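Q: I have a structure here that I have not looked at before. Can you walk me through it?

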Amino acid sequence: MLDAMQANVSTAFSPSPRPRSGDELELTIERLAYGGAGVARRDGYVVFVQDAIPGDRVRATVAKAKRAYAEARAIEILAPSPDRVDPVADHPGAPWQVLPYERQLEVKQEQVDDALRRIGKLDGYALEPILPAQATWRYRNKLEYSFGADASGRLVCGFHAPGRWNDIIETADCLLASEAGNAAREEVVQWCRAQGLTSYDRRSGEGFLRNLVVREGRRTGQLQVRLVTSPGRLDRDGLAAATRSADGVLWTQVRGPAEVTHGGETELIAGDDRLDEELGGLRLRISSQAFFQTNTEMAEHLYRIAIELAELRGYERVYDLYCGIGTIGLLMAPRVAQVWGLDLVEEAITDAIANAKHNEIDNVRFFAGDVRLALRELIATAGKPDALVVDPPRAGLSQKVVRRMIEAAPRRIVYVSCNPTTLAPNAAQLVEAGYELTRVRPVDMFPQTPHIECVAVLARA
């Protein structure tokens, strides 16, 4: 038995460059990779370590080991980094809170530059200073919580524990949400407990409650709650009566094991099925599943920068691709001749059309369609654009969509990106086609997290 234990210890701290799953390693973190993992090296072999920052000396457990790198999670801080500060939030969702905010900004700026140079092989652009967030806590207008059960079987609502999809950490006060948003969440949770409702178990397929989405109009004060469950029965009147603080209460039923809050069948239980928000002088109506930037205050700055970098002169025809509820296009409309918006989500396009009418903006047109397939048709209908704004999902643009943009031949492309590692290859493809990457401006939309937003400008050479 002792020999076996000694063998396990020897294996766990083996000097071999390539570890195995389950090994424990002592590592010093050198830097942060995009996505937030710390980067350490062991005899030249790269290990990405979650829950560690540059300068930390940690003990980490290897989760996956591949030929070129391993993924691990810190289980003990042996010697903290000089940069490390005490966490403020006692819940997941703020992994970078142990870094001073000024350092967070420095790292995000560096990672944008690194992605463009290393992945895109790009240079010659002006990387402008990152714009800090107005608020570093309680800035989100939307939170998605998960239901689970604690060790005693009591229903809890909160966030997944890091690296554990079936373990939910109860959240009493989410410091990314407002006090009003937290109160609305607790109203729903207390009612669900009183009703004896159980959380959905993806392993067994049993249980009912899946997620709770709380959305807030930061400028209007409106609140919307949407309960996401498996198919079943719900006391609609009881839920409506329990959520006194909400202006809208919705119920979404989804099938299948995946944890998703989109799709399914959504029913309005009480109040309004849309949320009102104000941004840049616009009054916006937002459907429950339509995309809207989760930091209202910084979205206003982000779109202002996008409009400034577009260098509009008043005569342009502008395309707004992945337009969502139309925010960027509607803000640009007073500065151009025409705006044509395109998005795959029909509900979002319905919102965009309604928002244009509500704000009395008549030089915009919005259409539902897959950008990859519909862009040529839009060009045939509207004519080629002078400028093009694109705000794609985190996965970026497919090569085919970029080719369609090149065919459209706008004088200027403004690319709003939430992922510099997908912006980089897209920008490289455009540069290869004759565009020049001129300016890049990072904007911190998500303090305490590794997420990075930026605006990049490509001009036809």
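A: A note on naming before we begin: helices and strands are DSSP runs, numbered from the N terminus. With that naming, Asn-295 lies in the loop between strand 16 (282-287) and helix 5 (296-310). The model is a predicted one.

Q: Is Asn-295 buried or exposed?
A: Asn-295 is buried, because its relative accessible area is 2% and the cut-off for buried is under 20%.

Q: What does Asn-295 touch?
A: Leaving out residues up to four places away in sequence, Asn-295 touches Tyr-139, Asn-141 and Met-445. For Met-445 there is a specific atom to look at: the side chain of Asn-295 reaches the backbone oxygen of Met-445 at 2.9 Å.

Q: OK, confidence next. What is the average pLDDT?
A: The average pLDDT for the protein is 93, and 96% of the residues score at least 70. Over residues 1-15, though, the pLDDT is below 50. That stretch has 12 contacts in the model beyond near neighbours in sequence.

Q: How should I treat a stretch like that?
A: Where pLDDT is low, the predicted coordinates should not be read in detail.

Q: What about strand 8, how many of its residues are buried?
A: Strand 8 (residues 142-149) is mostly covered, with 6 of its 8 residues buried. Strand 8 runs antiparallel to strand 11 (residues 209-216), with 5 bridges between them, and Leu-143 stands opposite Val-214 in strand 11. Strand 8 also pairs with strand 9 (residues 155-161), in the antiparallel sense over 4 bridges. There, Gly-148 stands opposite Val-156 in strand 9.

Q: Which residue takes a positive phi in the hairpin of strand 8 and strand 9?
A: Gly-153 does, near 90°; the hairpin has 5 residues between the strands.

Q: Switching to cysteines: how many disulfides are there?
A: The structure holds 0 disulfides.

Q: Last one. Where is Asp-343?
A: Asp-343 is in strand 18 (residues 338-343). Asp-343 counts as buried, because its relative accessibility is 10%.

Q: What is Asp-343 in contact with?
A: Leaving aside neighbours within four places in sequence, Asp-343 is in contact with several residues, including Tyr-322, Cys-323, Phe-367 and Gly-369. A polar atom of the Asp-343 side chain also lies 2.9 Å from the backbone nitrogen of Val-345.

Technical notes. Residues numbered from 1 in each chain as written. Predicted model: local features only at pLDDT ≥ 70, side-chain atom pairs only at ≥ 80, totals over all residues. Heavy atoms only, no water. Helix = DSSP H or I, 4+ residues; strand = E, 2+ residues; numbered from the N terminus. Buried < 20%, exposed > 50% of the residue type's maximum accessible area, 1.4 Å probe, protein only. Polar contact = N/O pair within 3.5 Å; in protein donor to acceptor, adjacent residues only side chain to side chain. Contact = heavy atoms within 4.5 Å. pLDDT = per-residue confidence, 0-100. Disulfide = S-S within 2.5 Å. Pairing = 2+ DSSP bridges.
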